[in-house]
Amino acid sequence: MAMMRLRREDPRIVGPYRLHRRLGAGGMGVVYLGSDRKGQRVALKLIRAELAEDAEFRTRFAREIAAASRIRSGCTARVVGSDIEADRPWLATTYVPGPSLYKRVGDEGPLPWPEVARIGAALAEGLVKVHEAGVVHRDLKPSNILLSPKGPRIIDFGIAWSRGASTLTHVGTAVGSPGFLAPEQVRGAAVTPATDVFAFGATLAYALTGDTPFGSGASSEVMLYRVVHEEPDLSQVPAPLAPLIGACLAKEPTDRPGAAHLHERLGGLAAGAAGAGAWRLTARVPHPTGSTAQNGTTT
């Protein structure tokens with residue numbers, strides 16, 4: 001993850017944490033790299049000063065903290081501290097080293113499908129835990145997935161909420177990222193775990209092609225129209241993953257597979273690809289006599 005020096009206006013200490021670098025900034029606030037007295041590194045999100053007086057934003061931030069704290073999964077960044085009542089509320093999670101999926105694809109181009117299957121299997125397992133905690137992320141996308149040495153991690157539950165909770169937005173107002181939003185989000189309908197499955201499918205498509213399945217470069221309104229009314233373009237998605245991703249992108253939430261099913265299917269595909277790769281490598285190992293072993297025979 002890219003780091004930037006602290007600016008003059010940035011605080012040096014927040015709660016029990018000393019801040020060292022900027023990790024990024026968004027609509028809700030700035031994220032810093034910090035550490036506690038024991039040297040444990042954290043990613044600390046600090047609400048912007050101009051938003052701290054807004055009761056709606058405080059409610060939204062409190063919901064993020066409550067949602068993230070309930071999740072027990074190695075596929076998310078664990079909450080280690082927070083203060084909702086501070087002049088500028090903040091949230092600290094364990095620091096996850098590694099680039100985002102968005103940056104990885106931007107720097108290196110589309111990823112090979114076996115690697116995407118492995119990443120997807122781990123993410124799907126994480127979504128199972130997220131949904132078991134009664135939480136819907138609502139903004140799953142490549143920039144909210146960090147590729148750590150220990151596997152992918154889902155971050156930023158800033159607009160997550162509990163199933164059944166009332167929304168902070170007006171009906172018909174989409175909250176999230178065009179191209180990864182589910183049709184029901186665009187319509188202002190209730191969100192469910194299937195909403196995250198749609199974003200999951202769009203995210204895997206992006207990893208495989210470098211673009212969303214609904215294109216890019218258009219206005220938000222055009223993108224949202226495509227999500228609701230047009231079929232995704234999966235022509236560049238490798239055949240082994242195209243049917244599963246297509247199922248994730250079904251317009252109707254009830255037609256999408258569950259996260260547990262995705263974990264099983266993607267894990268099987270990744271294992272199959274790894275096995276095939278090992279077989280091909282073994283098949284080309286020189287035979288002691290100088291010939292090549294293939295399928296247990298010599299030529």
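## Questions about a predicted protein model

Biologist: What share of the contacts with a separation of 6 or more joins residues 24 or more positions apart?

Modeller: This is a predicted model, where local features need pLDDT of at least 70, side-chain atom pairs count only at pLDDT 80 or more, and totals for chains, interfaces and linings use all residues. Residues are numbered from 1 along each chain as its sequence is written, and side-chain values use heavy atoms, with hydrogens and water left out. Contact means heavy atoms within 4.5 Å. Among contacts in the protein chain with a separation of 6 or more, the share from residues 24 or more positions apart is 57%.

Biologist: How many helices and strands does the protein chain have?

Modeller: Both are DSSP runs, numbered from the N terminus: helices are H or I with at least four residues, strands are E with at least two. The secondary structure comes to 9 helices and 13 strands.

Biologist: How much of the protein chain counts as buried?

Modeller: Buried means under 20% relative accessible area, exposed over 50%, and partly exposed in between, with a 1.4 Å probe and protein chains only. The chain has 299 residues, and the buried part is 48%.

Biologist: Why do the buried residues of α3 line one face of the helix?

Modeller: Helix α3 covers residues 101-108, and L101, R104 and V105 are buried there. The arc is taken from the directions from the helix axis to the C-beta atoms. The buried residues line one face because, seen down the axis of α3, they fall within an arc of 95°.

Biologist: Which residues are exposed on the other side of α3, and what covers the buried ones?

Modeller: On that other side, the exposed residues are G106 and D107. The cover over the buried residues includes α4 (113-132), β9 (145-148) and α6 (193-209).

Biologist: Which parts does the pair of Y102 and Y206 tie together?

Modeller: Rings of Phe, Tyr and Trp (its six-membered ring) pair if their centres lie within 6.5 Å; planes under 30 degrees apart count as stacked, over 60 as edge-to-face and the rest as tilted. Y102 and Y206 are stacked, at 6.0 Å centre to centre and 15° between the planes. Y102 lies in helix α3 and Y206 in helix α6, so the pair ties together parts that are 104 residues apart in sequence.

Biologist: Which backbone oxygen does the side chain of S148 reach?

Modeller: S148 lies in strand β9 and is buried, with a relative accessible area of 13%. A polar contact is a pair of N or O atoms within 3.5 Å; within protein, one must be able to donate a hydrogen and the other to accept it, and residues adjacent in sequence count only if both atoms are side-chain atoms. At 2.5 Å, the side chain of S148 reaches the backbone oxygen of G151.
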